[in-house]
Amino acid sequence: MEEPSRRTFLSGSFATIAGLTYGLRGSAADRSRAVRVDPEDLPKDAVADLDGIFDLVPAGSAVDREYQVVALADASGVETTEEFTYQTRQVVDSVDGLEAGAVSHVVSARTDPPGLLGAVVGSFEDLEPGERVGTDGDWRVADTGEVAVASTDGRLAFASGDREARVGAVEAAVTAARGETDTLLDTADHAAEAFGRFGDKRLAFLLRNVDGGFVPLSGAVEAVAAGFSQDPNDFEGRVENEYLLFTARRLDDATAERVVRQLDPGRVVDLELGREDGVVHAAVVSTEPPRHDREAAPDAHIEATREDGSVSFAHAGGEPVPAEELDLWVDGERPPTQPADEFDRFTDGDSFTVETDTLTTVTLRWFDEGENVYYDYVQRLFGGGAFETAYDVDAERLRVTYAGERPADPAKLTVRHRGEDGSRTSAAEFGDGELTVGDTATVEGVGMGDQVTVSLDVPPRPQGAPTTLVRFRAAPPRLHAYQHREGVVVRYHDDADRDAAEFEVLVDGEAADRQFADEYDTLSRGDDLLLETPPFGSEVTVEWTEPDEPVEVAQEVVVPRGHVETTYDGQQGTVTLTYREGPALPAETLSLTVDGDRAPVQPADEHDEFTPEDTLTVDAPPFVVVELRWERGEATHELAEAVTGREDVEASYDPDEGAVEFVYVGQQPADPGRVDVVRGRRPQAGDGSGTTAFEAEHDTLTEGDSVRVDGVDVDERLEVVLTDGERRRPLFTFTPRPRWAFSFEQREGTVVAVYTGESQRDADSFRLLVDGEPADTQPADVHDTLERGDEVELGSLGAGTEVTAEWVVPDEPREVHSHVVAPDAEFEFELSGDGETVTVEHDGGSAVDADDLSVAVHGARGSHLEEAWGQSGTEVTEGDTTTVDLPDGAGDGPLHVVVVFDGQEMLDHGEFDLSDGAD
């Protein structure tokens, strides 16, 4: 098969892969596990083996968001966050106590309204990130200031967005985890098939909506799934990738192949197609693509401005650029006139002009074919603000009106209407001749949930150049109802202002005493209404009354929010529940169950009201689930959940024999059929009889009983699980090689190594290094056996010093964690008046080598860039600044700017709101 040239490849490849994926980079992603799956052989519960991670991702309706892109990363075997992509690293690093080695899988879902929502599963426990804002049984709900987190042992959900919305999202994830609401896999088209087929890949993702130029021929392709054996943004050599094209109409082989070639991030050298029921399956072999490399490109600032009938490019400072290395693209094509026709070197003060239409997309790219690297100095879409929309909800009619200052060519415009059911039509036209101010295209039949786009009918080249001018989604105004200490808060968070009288707040179907119209004439984003202390069990709803048939836009059932602490006494075989925080509750509204059965002791037997500091003790054998629930009518809410016996299993590893022994250390007799060992996602007994590994060895578990697993590799992951019907709950995870044995903390100039392992280990199994040399103090100098929380002080170490923990069993030492000592420096952030650049200034503290500093920028809709400080070979001291251009597609909404030391440590960060330019 003929391979395309690199320059041709650059014009057709799929740049959005880099922005859509949240996978792994580097050595952790070098395992190729490509598979060929016949749909008839696809397990019905294929995704159930992924540690239940998708149980933590609620349906879009539960979080008032629409999932756009969902990515699943297999993180098993990763030991340091440096091996993650930036997005996944930010998730892990933002949660205090969460270590890379404890992470098994990560799901990241990009949503509309813009935000990030997802889940992490692994072997972590006792996480306490951020400010606790609530508890829900064993789940701790907290907010870090950037993300909300709901966590329990081995499971974590996270969400970004405004505070109320993100906290509500992780609370919905907890509800989904209990099976009380639908999940993404239950409701999202194609999700179960995509992740069922590609769930064993290193990275899999599903792009649910291809409108907007992400995928070529978006009118023919509804959605795309992909499975990668390596990180698609950073791979070497040849890789095997797979794709599913969910089609709206039949694609011939030539068209399907062209689509796949544009999707694949590499240079395709082999491609096989298969078909089944409206789905095209492609197996691809590809080689390393050209790399985006800002540092390799000449350090030049090039500006693009539109003038009458043309776009001008001006070199506005910095290094000269060889003109033969510049490619100009207009509307997805390389025009015959290129910069090299006018210049040998494009340098400060030079400019050139290209004639364009009023509505156009332009790209000026630097490309070094010899080094196979590129960088876009300019990638702009002109005309995106030249349209206005007006929607009539009752008539289901959308009018798109041209408001540009200059006439435009309507023949270049494509208007598409995507129904909520996935159906697509070419919706309307602007007519013939010139498009002038006031010209309107009318789209009929635009129901709730439908989307209309106006795009340039040009190729999105090179590499995903923007073409969408208008994106409108017909949806009710967004409101969010949530519980607060003082009652229920209903907050308006739609972008458009609306008449407050358009909304009615109801409590159990009756108008509430307080309405938005009592306090506001017009509702703007952030306006809220407090309903004080509605009775528990009440249903608060908000209706949008503007349509002829009112639409419910927010709903919240009032349930008690309290923190109930559970303690298991393994010696006595009892669980004690202590009500630590919350309202007084009538005891008859509480129900206590043990292993799903009503407990013989109920709260009402001992209390009239269950109030803070009240306790309740119930007998419970090891390895059962104890739940305390509040119930009133159909409303129900879990206040506490405890799994007994979590601390009753220990593990040890014999490196000479390659064997792991799991020992029961509980003092109560236990049912061996309730607990099993899972190895490689399969029960260890593995004889198909349903007998557990412990049951195969013991009739009853007593203290000292054990199960031995032979032939265990040092990096193999084994898990002891509670078998609860068809569900498996993780109790204890063990890898012979410690997965996150130490963390390093900086405390007032002193570096402290903290043992965070899940199992006790001999202290002489570890060695601490400082810049590659043994530290003066070793763990064995301070401890005989290491238990969680044990510390080793390493003294005062200078910025840039690398401290490393090694596991020295067996003979070949293995790194388990490393940390670079960060300098003590502060920075200030300033957004330019035109909102296109951010200036970062060193505002005091330690001097830092510029080579060790970079600035990362996160914009709305997932746009991202990371650039070096820009003064290589110098020290950055107080008053020094650097300026960073905002990434293309930053759009409206939140903007996060992070100063990063040595590629991994955050020194400082700033936040702006591009929707109104406010800091």
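Predicted model: local features only at pLDDT ≥ 70, side-chain atom pairs only at ≥ 80, totals over all residues.
Residue numbers start from 1 along each chain as its sequence is written, and side-chain values use heavy atoms, without hydrogens and water. Local features need pLDDT of at least 70, side-chain atom pairs count only at pLDDT 80 or more, and totals for chains, interfaces and linings use all residues.

**The patch.** Select Asp392, Asp394, Glu396, Asp499, Asp521, Glu546, Asp548 and Glu549: they form a negative surface patch. Patch residues have over 30% relative accessible area and no salt bridge, with like charges joined within 9 Å. A salt bridge would need a side-chain nitrogen of Lys or Arg within 4 Å of a carboxyl oxygen of Asp or Glu.

**Glu546.** Find this residue in the loop between strands E36 (539-544) and E37 (551-557). Strands are DSSP runs of at least two residues, numbered from the N terminus. Glu546 is partly exposed at 41% relative accessible area. Buried means under 20%, exposed over 50%, partly exposed in between (1.4 Å probe, protein chains only).

**Glu396.** Go to the loop between strands E22 (387-392) and E23 (397-402). Glu396 is partly exposed at 35%. Its phi is positive, near 50°. Most residues other than glycine have a negative phi.

**Asp331.** Next, the loop between strands E17 (326-330) and E18 (345-346). Asp331 also has a positive phi, about 50°, but is buried at 14%.

**Ser538.** Move to the loop between E35 (528-532) and E36. Ser538 is buried at 3%. Its side chain reaches the backbone oxygen of Pro535 at 2.7 Å.

**His819.** Finish in strand E62 (residues 814-820). His819 is buried at 7%.

Conventions
Patch = residues over 30% accessible without salt bridge, like charges linked within 9 Å, V, L, I, M, F, W, Y side chains within 5 Å. Areas by Shrake-Rupley, 256 points an atom, 1.4 Å probe, with all protein chains shown as cover. Lys, Arg positive; Asp, Glu negative; His and termini not counted. Charge placed at Lys NZ, Arg CZ, Asp CG, Glu CD. Helix = DSSP H or I, 4+ residues; strand = E, 2+ residues; numbered from the N terminus. Polar contact = N/O pair within 3.5 Å; in protein donor to acceptor, adjacent residues only side chain to side chain.
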